[in-house]
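Subject: Structure handover

Hello,

Here is the structure for you to look through. Please open it alongside this email. My notes follow below.

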Amino acid sequence: MLSHSSQKQSIDLNTLEVDPAKGTSILNHDPNLRDEIRRAYLKLGPCRPNITEYPQSYIAKAMRRFNSDWYKAYDWLEYSESADATYCLPCYLFKGNNIHQGGGEVFSTTGFNNWHKKSKFDEHVGGPNSVHNQAKRKCDDLMQQRQSVRAAFDKQSDQIKLEYWTRLNASIDVIRLLLN
């Protein structure tokens, strides 16, 4: 459950939907809470249920199923028991409006279950500047709080903060004067 407070918004990890097929799109959440929700999901890690035997499907003239060894090769890979499909955690968390890139909605919304086409995982990852790799970098940046602007500002002394706000207010006053 999302709880609101005047000081800090937080997420109750116990109420987040961990099954990627059942989760709500990040874009449907309040923009002011999205980073906190993303951080909570990243702390939980990809959904990887401990199943001894995954369900089989008839695909390309053979019975096929998800292979849990793929977790070792793809640290971003999530599995949904309810949909018998795989998802990409970083792409789910940072999916923008570019749904036609990086496999479209397959790895972020609808799920991938063509078990005979493992090569699609590598295609999804793509090159260094692919949508997937950009989403992974955003995940890393989000989790490195000490490098954020807010963290750097909080480390400053009260005197430096006061001087900053004085300069900021003076700049705003000058802009207002120039606009008039």
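The side chains of Arg39 and Glu36 meet in a salt bridge, at 3.1 Å from N to O. A salt bridge here is a side-chain nitrogen of Lys or Arg within 4 Å of a carboxyl oxygen of Asp or Glu. This is a predicted model: local features need pLDDT of at least 70, side-chain atom pairs count only at pLDDT 80 or more, and totals for chains, interfaces and linings use all residues. Residues are numbered from 1 along each chain as its sequence is written, and side-chain values use heavy atoms, with hydrogens and water left out.

**Salt bridges**

The count comes to seven salt bridges. Arg39 and Glu36 both lie in helix H1, three residues apart, about one turn of the helix. Helices (H or I, at least four residues) and strands (E, at least two) are DSSP runs, numbered from the N terminus. Arg38 forms a salt bridge with Asp35, with the closest N and O atoms 3.1 Å apart. These two are also three residues apart in H1. An α-helix has 3.6 residues a turn, so residues three or four places apart point the same way.

Is Arg38 buried or exposed? Arg38 counts as buried, at 11% relative accessibility. Buried means under 20% relative accessible area, exposed over 50%, and partly exposed in between (1.4 Å probe, protein chains only). Asp35 is partly exposed at 39%. Arg39 is buried at 17%.

Lys136 forms a salt bridge with Asp75. This pair links distant parts of the chain, 61 residues apart. Lys136 is in helix H6, and Asp75 is in the loop between H2 and E5.

**Core**

The largest nonpolar core has 30 residues. Such a core is a set of buried Ala, Val, Leu, Ile, Met, Phe, Trp, Tyr and Cys residues joined through side-chain atoms within 4.5 Å. Phe66, Trp76, Leu77, Leu93 and Phe121 touch the most other members. Helix H3 gives the largest share, four residues.

**Strands**

E5 and E6 run antiparallel, joined by four bridges. Strands pair if DSSP finds at least two bridges between them. Ser80 has Ala85 in E6 as its bridge partner. Both faces of E6 are covered: Ala85 and Tyr87 on one side and Thr86 and Cys88 on the other are all buried.

**Cysteines**

How many disulfides are there? The count is zero, where a disulfide is a pair of cysteine sulfur atoms within 2.5 Å. For Cys139, the nearest cysteine sulfur, that of Cys88, is 8.1 Å away. Cys139 is buried at 4% relative accessibility.

Best wishes
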